[in-house]
Amino acid sequence: MAGIEVIGLTKTYRRGLGGETVRALTDVSLAIPAGEAFGIIGPNGAGKTTFLGCLLGFLRPDAGRITIDGHAPDDLAVRAATGYLPERLILDRWMTGGAFLAYHHALARLPEASRRADVDAALEQVALSEARAQRVREYSRGMLQRLGLAQALLGAPRYVFLDEPASGVDPAGVVLFRRLLSDLKRRAVTVILNSHQLDQVERVCDRVAFVRAGRVEAIETISAGATVARVLRVRAAGAPIGERIAREALAAIATQAGAELRQVTAAEARFAVADDAGAARLIAALVAGGVAVAEATPEESRLERLFLDAPGATGATP
Ligand SMILES: Nc1ncnc2c1ncn2[C@@H]1O[C@H](COP(=O)(O)OP(=O)(O)O)[C@@H](O)[C@H]1O
Ligand SMILES: [Mg+2]
């Protein structure tokens, strides 16, 4: 089968000398078809990095079976088709960005004749062309992360594994990262993306698995990427919104602002909006229409609720 198949994966670690056994993954089964962007989300310590380690053939499972295009994860053909951005990137700080990529290009046994051009293209791809001759120790955290991404994409892999790719990246980096991921999607590259931040995976993945304490608790299909309609719950100051304004008037204001009234209760009104800009337009229109908006909160998706309900999920340290 083309794609990744995981059946009954269990992985334990032994902590310290003769110490207790830590169960990092318990009976995980998943199928990820080739070309999919698959997100894995969960609090710190959930087992995300361990899962990638097993998929990459770096870690030996206690039980279970993993195949990638029908091969074992440590199969050389699979390795050659795989790019990987580790969670903690370790770089030789004296190297320049260009030298680092050239070194990895050679390690991956990519053709020497195209090395210079490939490295140029890789730097260009992550907007680091200017920093080519700069030493890695002078790179910011975000630049390092982008360099790691460039390294993971060398040789045009068919499988790309990214462990917390957007951590420490500035907003411009996040935008660039999203663009890179949609490029990968267009080229039918299979992407597995770990993150403890829901918003990072929601926008770029086709499906997202929620992992907690080593188990897959849910797998959600994300519909239609960036154009997902959001539901905004609005409460008015003072008297409840449903008593202050007629339903028809609320519906008219919503329509005018390009939104749609879904429901009014005494306490709150729910509107469907296209995006953040749509939400801002709606709030402005409500205020202009005499509704003293006290609170407007986006309704949580099922994934968000799962994530927020997870013990230790909020305020988690990276
Ligand atoms: N090398 C290791 N030795 C012992 N325990 C480990 C090791 N790596 C991870 N763990 C433990 O396994 C669990 C899962 O860790 P990890 O896969 O890193 O989670 P995540 O990436 O979701 O934060 C945690 O309890 C962690 O402490
Ligand atoms: Mg991790």
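Trainee: How do you know that strand 1 and strand 2 pair?
Mentor: In this predicted model, strand 1 (residues 3-14) and strand 2 are joined by 9 bridges in the antiparallel sense. Pairing requires at least two bridges between the strands, and 9 bridges are found here, so the two strands count as a pair. Among the positions involved, G3 stands opposite P33 in strand 2, while the bridge partner of V6 in strand 2 is L30.

Trainee: What lies between the two strands of that hairpin, and which residue there takes a positive phi?
Mentor: The hairpin of strand 1 and strand 2 has 6 residues between the strands, and G16 takes a positive phi near 65 degrees.

Trainee: Why are strand 2 and strand 4 said to stand at the edges?
Mentor: The open sheet to which they belong has 3 strands in the order 2-1-4, with antiparallel pairing. Strand 2 and strand 4 (63-68) each have a single partner strand, so one side of each is left without a neighbour in the sheet. From one strand to the next, the twist of this sheet averages 20 degrees. Helix 1 lies across strand 1, strand 2 and strand 4, and runs at about 120 degrees to strand 1.

Trainee: Which strands form the other open sheet, and in what order?
Mentor: That sheet has 6 strands in the order 5-6-7-3-8-9, and the pairing is mixed. Its edge strands are strand 5 (82-85) and strand 9 (215-221), each of which pairs on one side only. The twist there averages 15 degrees from one strand to the next.

Trainee: What makes strand 6 and strand 7 a pair?
Mentor: Strand 6 (residues 159-163) and strand 7 (residues 190-195) run parallel and are joined by 5 bridges; the definition asks for at least two, so the pair qualifies. Helix 5 (residues 141-153) lies across strand 5 and strand 6, running at about 165 degrees to strand 5.

Trainee: Which residues surround ligand 1?
Mentor: The shell is made of Y13, R15, V22, A24, P43, N44, G45, A46, G47, K48, T49 and T50. Helix 1 gives the largest share, 3 residues, and strand 2 (21-33), like helix 1, supplies at least two.

Trainee: How do you know that T50 makes a polar contact with ligand 1?
Mentor: An oxygen atom of ligand 1 is 2.5 Å from an N or O atom in the side chain of T50, and a polar contact is a pair of N or O atoms within 3.5 Å, so this one is counted. By that cut-off the side chain of K48 is counted as well, because one of its N or O atoms is 2.8 Å from an oxygen atom of ligand 1. For G45 it is a polar backbone atom that lies 2.7 Å from an oxygen atom of the ligand. The protein covers 67% of the 560 Å² of accessible area that ligand 1 has on its own.

Trainee: Where is T96 found, and what does its side chain reach?
Mentor: T96 is in the loop between strand 5 and helix 3 (97-107), and its side chain reaches the backbone nitrogen of A99 at 3.0 Å. Leaving aside residues up to four places away in sequence, T96 touches R132, A133, Q134, R135 and V136.

Trainee: Into which domains is the chain divided?
Mentor: The division gives domain 1 (3-81 + 157-226), domain 2 (93-149) and domain 3 (229-298). The C-alpha centres of domain 2 and domain 3 lie 49 Å apart.

Conventions:
Residues are numbered from 1 along each chain as its sequence is written. Chains are lettered from A and ligands numbered from 1 in the order in which they are written. This is a predicted model: local features need pLDDT of at least 70, side-chain atom pairs count only at pLDDT 80 or more; totals for chains, interfaces and linings use all residues. Side-chain values use heavy atoms; hydrogens and water are left out. Helices (H or I, at least four residues) and strands (E, at least two) are DSSP runs, numbered from the N terminus. Axes are lines fitted to C-alpha atoms, for helices over the stretch in contact, and angles run from 0 to 180 degrees between N-to-C directions. Contact means heavy atoms within 4.5 Å. Domain bounds come from an automatic or database domain assignment. A residue is near a molecule or strand if one of its heavy atoms lies within 4 Å of it. A polar contact is a pair of N or O atoms within 3.5 Å; within protein, one must be able to donate a hydrogen and the other to accept it, and residues adjacent in sequence count only if both atoms are side-chain atoms. Accessible areas come from the Shrake-Rupley method with a 1.4 Å probe; for residues, only the protein chains shown count as cover.
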